[in-house]
Amino acid sequence: VDIGRLIDKVRSDTSATLSDKNISFITDIPGGLTVKGNESLLYSVFRNLTDNVAHHAGEGVTIEVKVASIKDGMICFSFIDDGKGVADEKHLDRLFERFYRVNEGRTRDTGGSGLGLSIVKNAVRLHGGMISVKRGDKGGLEFTIQIPE
């Protein structure tokens, strides 16, 4: 799977929503970078992360997707936004749980089903990879995704 093309497709498919919220989407992916994997599952990883920013990070946010490193047969991606983030760090460890929502008052219409990040984690794991999240240096969240080359 050509990761650059896949992420460009995510950007294209979400462009109307991102534009409505004045969200910038910046990538730094080397041309021709490929991984062995399922294109639709990998698409769901980056699409779910992008959708989360669009729905929860606020307006005027920047998304940055880049390759942080390539070593020992693993490609490490950073998916960073500078939006609202998660105020209480206790939620970070639970973000990948099925049906977990940071704001329990959210309904399906305003906050989703709580399945998106669980899907992301499982898709990454099915590829033999790992994903983690932390608060971003500029606010927002920083997801680190490691996938075998």
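This is a predicted model: local features need pLDDT of at least 70, side-chain atom pairs count only at pLDDT 80 or more; totals for chains, interfaces and linings use all residues.
Local features require pLDDT of at least 70, side-chain atom pairs count only at pLDDT 80 or more, and totals for chains, interfaces and linings use all residues. Residues are numbered from 1 along each chain as its sequence is written, and side-chain values use heavy atoms, with hydrogens and water left out.

The protein chain has four helices and five strands. Helices (H or I, at least four residues) and strands (E, at least two) are DSSP runs, numbered from the N terminus. Along the sequence, the elements follow the pattern α-β-α-β-β-α-α-β-β. The protein chain has 149 residues, of which 41% count as buried. Here, buried means under 20% relative accessible area, exposed means over 50%, and partly exposed lies in between (1.4 Å probe, protein chains only).

Strand pairing was examined next. Two strands pair if DSSP finds at least two bridges between them. Strands β2 (62-71) and β3 (74-81) pair in the antiparallel sense over eight bridges. Within this pairing, I70 stands opposite I75 in β3. The two strands form a hairpin with two residues between them. D72 is found in the loop between β2 and β3. Its phi is near 50 degrees, a positive value in a residue other than glycine. Most residues other than glycine have a negative phi. D72 is exposed, with a relative accessible area of 77%.

Strand β3 also pairs with β5, in the antiparallel sense and over seven bridges. F79 has F143 as its bridge partner in β5. Strand β3 is mostly covered, with seven of its eight residues buried.

Strand β5 (residues 141-148) is in turn joined to β4 (residues 130-135) by six bridges, and these two strands run antiparallel. R135 stands opposite L141 in β5. The hairpin of β4 and β5 has five residues between the strands. Within this hairpin, G139 takes a positive phi near 90 degrees. G140 also has its place in the loop between β4 and β5. This glycine is buried, with a relative accessible area of 5%. G140 and G83 are 57 residues apart along the chain, yet their C-alpha atoms are separated by 4.3 Å.

Helix α2 (residues 39-56) has 18 residues. The expected span of a helix is 1.5 Å times one less than its number of residues. N38 caps the N-terminal end of α2: a side-chain oxygen lies 3.0 Å from the backbone nitrogen of S40. This is a polar contact, defined as a pair of N or O atoms within 3.5 Å; within protein, one must be able to donate a hydrogen and the other to accept it, and residues adjacent in sequence count only if both atoms are side-chain atoms. Just after α2, G58 takes a positive phi of about 105 degrees.

The buried residues of α2 include L42, Y43, F46, L49, T50, V53 and A54. An α-helix has 3.6 residues a turn, so residues three or four places apart point the same way. D51 also lies in helix α2. At 21% relative accessibility, D51 counts as partly exposed.

N22 has a positive phi of about 55 degrees although it is not a glycine. N22 is exposed, with a relative accessible area of 56%.

The second largest pocket holds about 180 Å³ of space. On a 1 Å grid over the protein atoms alone, a pocket is an open set of points where a 1.4 Å probe fits, with protein on both sides within 12 Å along at least five of seven lines; lining residues have an atom within 4 Å of a point. Grid points are joined across faces, edges and corners, and a volume is the space filled by probe spheres set on the points. Among the lining residues are T62, I63, E64, K66, I80, D81, D82, G139 and E142. Strands β2 and β3 each supply at least two residues of the lining. The most comes from β2, with four residues. By class, the lining has two nonpolar, three polar and seven charged residues. Ala, Val, Leu, Ile, Met, Phe, Trp, Tyr, Cys and Pro count as nonpolar, Asp, Glu, Lys and Arg as charged, and the others, Gly among them, as polar.
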